[in-house]
Amino acid sequence: MRETRTSLCRLCTAYCPIIVTVEEGRAVAVAGNPEAPLYGGYICPKARALPEQHYGPSRLTRPLRRRADGGHDPIASGQALDEIAARLGAIVDHHGPRSVAVYVGMGSVPFIASYAIAAGWLRALGSPMFFTAGSIDKPGILIALAMHGMWQAGQPPVDTADAWLFVGINPVISKSPGFPGQNPGLYLKRLVDRGAKLIVIDPRRTETAKRAHIHLQPRPGEDPTLLAGLIHVILEEKLFDQAFVTANAQGLEALRAAVAPFTPAYVAARADVPEADLIEAARVFARAGHSGVSCGTGPSFATHSTLTEYLALCLTTLCGRWARAGERLTKPNVLLPGFEARAQPWPAFQGWGFEPRLRVRGLGGCVSGLSAAALADEILLPGEGKVRALVVCGGNPMMAWPDQMKAHAALNDLDLLVTIDTEMTATAELSDYVIAPKLTLETPMTTYMPESVKYYGTTRGFDQPYAAYTPAIVDPPSGHDLIEDWEFFWGLAERLGFPIPVTTYFGNGPQAEHAPVTFTLDPKGPKPTTDQLIAMAHRSSRVPLEQVKQNPNGQIFESDQRVAPRAPGNDDRLELAAAPMIDELAAVLAEDNRAIEADYPFRLLPRRLNNILNSFGRRYAQLARKPYNPAFMNPEDMAALGLAEGDAIRITSPHGEIVGIAEGEAALRPGTVSMAHGFGRNPGEEDPRGSGANTGRLMSAEVDYDPITGIPRMGALPVRIAPFMVQG
Ligand SMILES: Nc1nc2c(c(=O)[nH]1)N[C@H]1C(S)=C(S)[C@@H](COP(=O)(O)OP(=O)(O)OC[C@H]3O[C@@H](n4cnc5c(=O)[nH]c(N)nc54)[C@H](O)[C@@H]3O)O[C@H]1N2
Ligand SMILES: Nc1nc2c(c(=O)[nH]1)N[C@H]1C(S)=C(S)[C@@H](COP(=O)(O)OP(=O)(O)OC[C@H]3O[C@@H](n4cnc5c(=O)[nH]c(N)nc54)[C@H](O)[C@@H]3O)O[C@H]1N2
Ligand code: SF4
Ligand SMILES: [Mo]
């Protein structure tokens with residue numbers, strides 16, 4: 001029997017509505033859902049590969065256990081859980097709970113329960129060692145918000161903007177939640193057709209930059225310089241919203257003094273952009289009726305990630321781009337609890353320096369969590385507190401952690417490594433146990449996740465109060481032994497004999513306090529279904545889950561709620577001059593990169609490929625047009641080095657070396673090399689034209705790391721390029 005069913009693609013945070021053709025309980029084709037609001041029927045090629053993900057030869061359908069020779073044999077999931085629980089119990093008995101860590105990656109995005117239950121399970125075990133991929137993504141957003149304060153009513157909708165500034169973010173391809181991810185290409189087209197002016201800061205002329213009124217194509221890593229320059233012009237020309245700033249912010253004079261040296265002439269020369277374009281960008285941004293800023297991974301990886309986000313918040317506040325009393329509340333929540341939005345800040349708060357402290361680099365807990373970039377060191381460093389067991393849930397450390405060689409040494413040093421993954425990844429190969437999970441189409445879910453990303457600072461998520469629910473729409477493959485990610489932690493808690501406290505996660509600091517949804521899962525009681533778990537997590541939603549379930553295409557749940565005025569007597573203010581940020585801006589001014597540039601004249605930049613999601617998708621015939629990640633270079637640079645299209649090149653950083661395959665791309669600023677991450681395999685299995693190269697190999701987790709979030713330099717990475725000659 002052949003029929004169609006509606007569902008949601010949940011591979012990335014866009015959560016595109018899809019129509020799945022199902023035959024005999026199996027998905028055979030996926031198309032966009034034109035009836036769903038917001039998305040205009042859009043899907044990307046990755047959604048069309050969902051059937052291949054579910055039934056292709058690389059899918060794991062049963063757990064595996066590692067043999068002494070490194071190979072893996074199938075094992076029943078119940079037995080795997082028995083053995084893992086016993087080994088964890090022994091490790092905790094001997095070394096204490098802190099010796100057990102969990103790392104949750106992007107593969108948990110589709111599952112409401114996995115992140116919250118993994119965190120709760122670890123807490124109940126007594127270990128604070130919980131790490132997420134978010135700490136090697138844009139952790140600076142949350143610290144910047146803690147330092148600046150948050151506006152309770154949020155921002156006016158993006159689609160009312162007359163100007164928008166994109167800093168190292170390419171939503172047309174990435175659907176980064178830093179911009180509404182619901183068909184961002186169409187979104188931008190509509191904005192531009194309406195007369196809005198886009199300003200893009202990116203060393204590459206990206207798909208987003210093609211629509212830009214002004215594209216600043218600077219030297220990589222100069223984002224704080226450029227943003228300080230924009231603020232300089234806006235203050236100098238008195239283009240800011242003086243009334244808003246006087247009523248709602250503090251620190252203006254200190255900020256003015258800090259950006260004073262960042263004159264247009266200085267910034268233009270240092271970042272190598274036309275001075276007139278910089279001034280025009282400042283004027284367009286400030287004179288717009290509404291405008292906003294989205295920052296991406298480009299600046300986050302290029303050091304000073306928190307400062308870039310902080311200056312973006314200062315720009316937003318200076319121009320008063322926050323929702324005002326009496327305006328319609330654009331994001332009244334749907335699946336999250338309703339709230340009273342006031343035109344006032346949650347003031348700045350101490351968002352870092354929390355317990356536990358890590359043993360390396362003076363890092364500690366903070367609102368962006370513990371630094372995954374430091375976890376390899378926590379595994380390798382002997383002594384009290386050494387991490388000996390690691391559970392990886394929907395992540396791929398061997399492909400994603402900076403410093404692949406160190407990650408490899410660390411994972412091999414563990415007493416126990418368990419990975420929950422759909423395929424035999426490079427990390428799974430090193431794992432003692434690999435747990436095979438159910439996949440998205442086999443499980444129910446709502447749009448809770450993309451709705452909650454709006455709580456991450458300048459991150460946007462949905463621009464409308466949209467919500468949708470999908471049931472499981474296909475059966476798991478016959479003869480499977482699959483469990484859902486959350487059931488793994490349930491099974492361990494059952495065997496270890498403790499309940500799991502769950503806090504569904506959204507917001508940080510003051511926001512998290514206003515309506516957390518908490519419940520306890522007790523494995524002594526009956527095991528809930530995933531739908532029951534979803535119901536528990538949505539218990540205090542503004543719109544009842546049952547109502548959301550009634551529309552298979554999802555729906556925009558309008559609200560006539562208005563932004564309330566400031567509470568009487570309240571005088572909280574947004575902070576324009578947090579001391580650590582003013583100090584860091586002074587340090588930026590004093591930076592001198594010339595010495596390193598003489599030896600390493602190129603800069604390696606991160607990028608996203610349309611068909612590949614981090615390390616995911618490379619095994620799918622319909623996605624992997626090339627099995628490797630090309631090293632894109634400006635054709636003039638290639639000519640100067642005598643390189644032809646497809647030549648192998650040696651890419652050397654102060655820390656490591658990889659071999660890439662050169663490919664010309666005129667859109668790149670000369671002097672840059674742009675490469676996707678998540679490629680290559682484990683050390684010793686290098687195959688530049690086969691699996692590609694792992695750019696993490698070029699990075700050190702200990703170089704130019706942020707003292708609060710721990711994120712090291714992962715972009716704007718100094719490298720040198722030379723033709724690669726095959727030896728012998
Ligand atoms: N050099 C370099 N390093 C980087 C980056 C970079 O640009 N350059 N980017 C950084 C960023 S932004 C991030 S977010 C991190 C990502 O870091 P990770 O999340 O650790 O890496 P991914 O490759 O996204 O791993 C996701 C894994 O989830 C698995 N998966 C897919 N679907 C499911 C599922 O349904 N269930 C389960 N359990 N697993 C599933 C996939 O097979 C894959 O192995 O990498 C960071 N590292
Ligand atoms: N198709 C696809 N979609 C994805 C992913 C994927 O791998 N593939 N990954 C997902 C993940 S985990 C994330 S975090 C998001 C990331 O989403 P984005 O942050 O939008 O990531 P990119 O598309 O790489 O855009 C980053 C841009 O920064 C530019 N850049 C590099 N260095 C600098 C710099 O120093 N300064 C400035 N201003 N720009 C710089 C790069 O040229 C690039 O265009 O995408 C998500 N979506
Ligand atoms: S953008 Fe692509 S991968 Fe992301 S949710 Fe939409 S269809 Fe899926
Ligand atoms: Mo990411």
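Author: Helix α8 (residues 223–236) and helix α12 (residues 275–287) have axes that come within 9 Å and cross at roughly 65 degrees. That angle makes α8 roughly perpendicular to α12. The model is a predicted one, in which local features need pLDDT of at least 70 and side-chain atom pairs count only at pLDDT 80 or more, while totals for chains, interfaces and linings use all residues. Residues are numbered from 1 along each chain as its sequence is written, chains are lettered from A and ligands numbered from 1 in the order in which they are written, and side-chain values use heavy atoms, with hydrogens and water left out.

Some terms first. Helices (H or I, at least four residues) and strands (E, at least two) are DSSP runs numbered from the N terminus. An axis is a line fitted to C-alpha atoms, for helices over the stretch in contact, and angles run from 0 to 180 degrees between N-to-C directions. Angles under 35 degrees count as roughly parallel, over 145 as roughly antiparallel, 65 to 115 as roughly perpendicular and the rest as oblique.

α8 passes α12 in a right-handed crossing; a crossing is right-handed if the near helix is turned clockwise from the far one by less than a right angle, and left-handed if anticlockwise. On the α8 side the contact (heavy atoms within 4.5 Å) is made by Leu226, Leu230, Val233 and Ile234. On the α12 side Leu278, Ile279, Ala281, Ala282, Phe285 and Ala286 take part. By class, the residues in the contact of α8 with α12 are 10 nonpolar, no polar and no charged. Here Ala, Val, Leu, Ile, Met, Phe, Trp, Tyr, Cys and Pro count as nonpolar, Asp, Glu, Lys and Arg as charged, and the others, Gly among them, as polar.

α8 also meets helix α14 (residues 305–318), with axes that come within 9 Å and cross at roughly 20 degrees. At that angle α8 is roughly parallel to α14, and α8 passes α14 in a left-handed crossing. From α8 the contact takes Asp223, Pro224, Leu227, Ala228, Leu230, Ile231, Ile234 and Leu235. From α14 it takes Leu307, Thr308, Leu311, Ala312, Cys314, Leu315 and Leu318. The contact of α8 with α14 has 13 nonpolar, 1 polar and 1 charged residues. Leu230 and Ile234 are named in the contact with α12 and again in the contact with α14.

Gly292 lies in strand β13 (residues 291–295) and counts as buried, at 0% relative accessibility. Buried means under 20% relative accessible area, exposed over 50%, and partly exposed in between (1.4 Å probe, protein chains only). Apart from neighbours within four places in sequence, Gly292 is in contact with Ala163, Trp164, Leu165 and Phe285. Phe285 is one of the α12 residues that meet α8. Gly292 and Gly320 are 28 residues apart in sequence and 10.0 Å apart in space, C-alpha to C-alpha.

Leu576 sits in the loop between β26 (574–575) and α24 (579–590) and is buried, with a relative accessible area of 0%. Neighbours within four places in sequence aside, its contacts include Tyr310, Cys314 and Leu318. Cys314 and Leu318 also belong to the α14 side of the contact with α8. Other contacts of Leu576 include His148, Val245 and Ile582. Leu576 and Val703 are 127 residues apart in sequence and 28 Å apart in space, C-alpha to C-alpha.

On to the strands, where two strands pair if DSSP finds at least two bridges between them. In strand β18 (residues 416–420), 5 of its 5 residues are buried. In a regular strand the side chains alternate between the two faces of the sheet. Leu416, Val418 and Ile420 are on one side of β18, with Leu417 and Thr419 on the other, and both faces are covered. Strand β17 (residues 389–393) is joined to β18 by 5 bridges and runs parallel to it, with Val392 partnered by Thr419. Strand β19 (residues 433–435) is joined to β18 by 3 bridges, also parallel, with Val434 as the β19 partner of Thr419.

Elsewhere, 6 strands close into a barrel in the order β27-β31-β28-β30-β29-β32, with mixed pairing. The twist there averages 45 degrees from one strand to the next.
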